[in-house]
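These are my notebook entries on one protein chain.

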Amino acid sequence: MTDMVFEDELPETGDTGRARALDPWVVMVVDDDPAVHQVTQLVMADFEFAGRKLQFLSAYSGNEARDILRDRQDIALILLDVVMESEHAGLDVARFIREELGNTQVRIVLRTGQPGQAPEEHVIKTYDINDYKEKTELTKRKLITVFYSALRSYRDIVMLSRSRQALRRSIDAITRIHDSSNLGHFASALLEQVARMLGHEAQGLCASRMSAYAASHAEGRLRVLAATSEYQGLLPDGDVADLPVEVRAALDRALLTRQSGFEDGCFVGYYRTHSGNESLLYMVLSDPIDDEGRELLDIFCANVAIAYEGLLERDHGPVSV
């Protein structure tokens with residue numbers, strides 16, 4: 001078994017900016033050499049991507065790897081040795097993952113200390129793996145590069161899958177919008193989808209305060225119209241009094257300044273309709289969003305506010321300004 005060689009250099013992980021209570025990326029190391037597990041975990045101990053650290057699982061044979069994989073659907077990356085209990089044990093595991101489990105999301109990086117027994121061209125052509133590395137070429141820097149590339153790819157694949165699921169829920173919810181209470185379920189499904197499309201871990205809520213209409217029907221109260229899973233407890237009543245203090249304070253500041261912006265890792269959006277109704281969007285993000293993402297949030301919140309206003313007008317009569 002050939003030893004892996006690592007350079008004495010620090011990982012260039014960049015400044016994550018904020019400590020987030022996000023679930024770690026699950027990485028499984030499959031190798032019959034305990035030293036490989038120890039060195040990999042030691043070298044990658046401080047690695048972080050998209051605000052998430054690493055959690056390692058260890059398997060020392062192909063059979064042990066299969067047992068773990070049958071019970072886990074959250075593994076993002078597998079570092080898979082070729083030669084273990086047999087000369088092709090790792091290749092058998094790769095085929096098991098793709099064909100028997102039907103798992104196309106996990107990224108598989110094949111590592112071998114004996115490349116002659118598993119020629120790279122043949123392996124890449126025959127097996128659905130994502131990278132092939134000889135252990136002697138995996139310096140510390142190159143291992144970090146492998147992790148960035150694999151986890152970014154896994155994140156994007158999972159995001160697309162969840163977006164498709166959210167779109168199905170949104171389409172199903174469209175048929176059930178008959179009143180303002182049903183709008184909340186629809187808007188929440190859309191908000192979940194928007195968060196996924198941004199490409200970041202995100203949680204948030206959308207709230208609105210009616211202007212002229214509120215004076216007679218809602219007494220100017222700020223009402224939560226949509227929420228992702230973390231804030232689902234606010235629906236259907238939509239009482240912002242139950243919000244954490246820091247969230248309510250951020251919303252109050254936005255109402256006072258009538259401006260959108262980032263503060264402490266959160267995006268707070270302020271939107272005002274032509275009729276004077278005010279809408280707020282509060283999102284906790286693992287990374288700042290770009291102008292395109294900001295535009296997506298603007299469109300979402302503005303349209304939810306307009307739809308809510310239209311439902312209230314239908315149910316209670318025209319809004320007089």
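The entries below record what I looked up, topic by topic.

**Entry 1. Basis.** I worked from a predicted model, in which local features need pLDDT of at least 70, side-chain atom pairs count only at pLDDT 80 or more, and totals for chains, interfaces and linings use all residues. Residues are numbered from 1 along each chain as its sequence is written, and side-chain values use heavy atoms, with hydrogens and water left out.

**Entry 2. The chain as a whole.** I found 9 helices and 10 strands in the chain; helices (H or I, at least four residues) and strands (E, at least two) are DSSP runs, numbered from the N terminus. Of the 321 residues, 49% count as buried, where buried means under 20% relative accessible area, exposed over 50% and partly exposed in between, with a 1.4 Å probe and protein chains only. The accessible surface comes to about 16100 Å², and carbon and sulfur atoms hold 48% of this area; the areas come from the Shrake-Rupley method with a 1.4 Å probe, and for residues only the protein chains shown count as cover. I then took the contacts (heavy atoms within 4.5 Å). Among those between residues at least 6 apart in sequence, 66% join residues at least 24 apart.

**Entry 3. Helix H3.** I compared the length of H3 (residues 89–100) with expectation: its 12 residues at 1.5 Å a residue should span 16 Å, and the end C-alpha atoms are 15 Å apart, which agrees. The expected span is 1.5 Å times one less than the number of residues. Which residues of H3 are buried? I noted Ala-89, Gly-90, Leu-91, Val-93, Ala-94, Phe-96, Ile-97 and Arg-98. An α-helix has 3.6 residues a turn, so residues three or four places apart point the same way. The buried residues of H3 pack against helix H2 (62–71), strand S3 (75–81), strand S4 (107–112) and helix H4 (120–126). Just after H3, Gly-102 takes a positive phi of about 70°.

**Entry 4. Nonpolar cores.** I define such a core as a set of buried Ala, Val, Leu, Ile, Met, Phe, Trp, Tyr and Cys residues joined through side-chain atoms within 4.5 Å. The largest has 27 residues, and Met-28, Ile-75, Ile-78 and Leu-80 have the most contacts inside it. Strand S1 (25–30), strand S2 (54–59), H2, S3, H3 and S4 each give two or more residues to this core. H3 gives the most, with 6 residues. For Ile-78 I listed the contacts beyond four places in sequence: Met-28, Val-30, Leu-69, Ile-97, Val-106, Arg-107, Ile-108 and Val-109. Apart from this core lies another, of 25 residues, among them Trp-25, Val-29, Phe-56 and Ile-144.

**Entry 5. Aromatic rings.** I counted 5 aromatic pairs. Rings of Phe, Tyr and Trp (its six-membered ring) pair if their centres lie within 6.5 Å; planes under 30 degrees apart count as stacked, over 60 as edge-to-face and the rest as tilted. Trp-25 and Tyr-154 form an edge-to-face pair, because their planes stand at 80° with the ring centres 6.3 Å apart. Since Trp-25 lies in strand S1 and Tyr-154 in helix H5 (residues 140–174), the pair ties together parts that are 129 residues apart in sequence. Trp-25 counts as buried at 3% relative accessibility, and Tyr-154 counts as buried at 10%. Ring pairs link Trp-25, Phe-47, Phe-49, Phe-147, Tyr-148 and Tyr-154 into a cluster.

I also looked for charges over rings, which require NZ of Lys or CZ of Arg within 6 Å of the ring centre and within 35 degrees of the ring normal. The charged end of Arg-52 sits over the ring of Trp-25, 3.7 Å from its centre. Arg-66 lies over the face of Phe-96, at 5.7 Å from the ring centre.

Entry 6. Ala-50 has a positive phi of about 55° although it is not a glycine. Ala-50 is placed in the loop between H1 and S2 and counts as buried at 16% relative accessibility. Arg-258 has a positive phi near 55° and is found in the loop between helix H8 (245–257) and strand S8 (261–263). Beyond four places in sequence, I found Arg-258 in contact with Arg-253, Tyr-270, Arg-272 and Glu-278. From Arg-258 to Glu-278 the C-alpha distance is 9.0 Å, at 20 residues apart in sequence.

**Entry 7. His-37.** Is His-37 buried or exposed? His-37, in helix H1 (residues 34–43), is buried, with a relative accessible area of 1%. Not counting residues up to four places away in sequence, His-37 touches Val-29, Val-30, Asp-31, Ser-58, Ala-59 and Tyr-60.
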